[in-house]
Amino acid sequence: MNDIGTTTLQAIHDALALRGIQPAGGGFMRTASPTTYMDRNRHRIAEEVARSLPKEVDHANAPLFVKQMARVVMKFKAAAPAATDEPAGEIRLLT
C-alpha cells in the first residue's frame, strides 16, 4: 500500500504529465495521452494537483513539493469514490 508521500509524488509527476511539454524547455515527452494509463481516481487526483502546482515544479524538483501538495491529495482522497481500474481515457483494450 502506498503511503501519502508516495501517492503525492506520483500525483505531482502525473500532473506534470498532464501539463505536457513546457515552452521554456523541460516538460514531459510522451507518445500517449496520460488518460490512457491512469485510472479515473489517479487522473482526478492529478488534475486537482495540477490546479495547485506552482509553475516552477518540474520532474527534477518534484520531491521538494511533496509536503506542500500532500494536503491537496489527502483532501481529495478522503472525498474520492472507491478506486477503479478502468482507464480515464476513451481508449479501451479489446480482449
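At what angle do helix α2 and helix α3 pack, and how far apart are their axes? In this predicted model, helix α2, formed by residues 40-52, packs against helix α3, formed by residues 66-79, at an angle of about 140 degrees, and their axes lie 10 Å apart. Angles over 145 degrees would count as roughly antiparallel. The angle given above therefore makes α2 oblique to α3. The crossing of these two helices is right-handed.

The residues that form this contact can be named on both sides. Helix α2 contributes Asn-41, Arg-44, Ile-45, Glu-48, Val-49 and Ser-52, while helix α3 contributes Met-69, Val-72, Val-73, Phe-76 and Lys-77. Sorted by class, the contact of α2 with α3 comprises six nonpolar, two polar and three charged residues.

Attention may now turn to another helix. Thr-8 belongs to helix α1, which spans residues 4-19. Is this residue, Thr-8, buried or exposed? Residues under 20% relative accessible area count as buried. Thr-8 has a relative accessible area of 0%, and is therefore buried. Leaving aside residues up to four places away in sequence, Thr-8 touches Val-66, Met-69, Ala-70 and Val-73. Of these, Met-69 and Val-73 also take part in the contact between α2 and α3.

The chain may finally be considered as a whole. Its secondary structure consists of three helices and zero strands, in the order α-α-α from the N terminus. Of the 95 residues in the protein chain, 32% are buried. Among contacts with a separation of 6 or more, 75% join residues 24 or more positions apart. The accessible surface of the protein chain is about 6,500 Å², and carbon and sulfur atoms account for 57% of this surface.

How values were computed
Residues are numbered from 1 along each chain as its sequence is written. This is a predicted model: local features need pLDDT of at least 70, side-chain atom pairs count only at pLDDT 80 or more; totals for chains, interfaces and linings use all residues. Side-chain values use heavy atoms; hydrogens and water are left out. Axes are lines fitted to C-alpha atoms, for helices over the stretch in contact, and angles run from 0 to 180 degrees between N-to-C directions. Helices (H or I, at least four residues) and strands (E, at least two) are DSSP runs, numbered from the N terminus. Angles under 35 degrees count as roughly parallel, over 145 as roughly antiparallel, 65 to 115 as roughly perpendicular and the rest as oblique. A crossing is left-handed if the near helix is turned anticlockwise from the far one by less than a right angle, and right-handed if clockwise. Contact means heavy atoms within 4.5 Å. Ala, Val, Leu, Ile, Met, Phe, Trp, Tyr, Cys and Pro count as nonpolar, Asp, Glu, Lys and Arg as charged, and the others, Gly among them, as polar. Buried means under 20% relative accessible area, exposed over 50%, partly exposed in between (1.4 Å probe, protein chains only). Accessible areas come from the Shrake-Rupley method with a 1.4 Å probe; for residues, only the protein chains shown count as cover.
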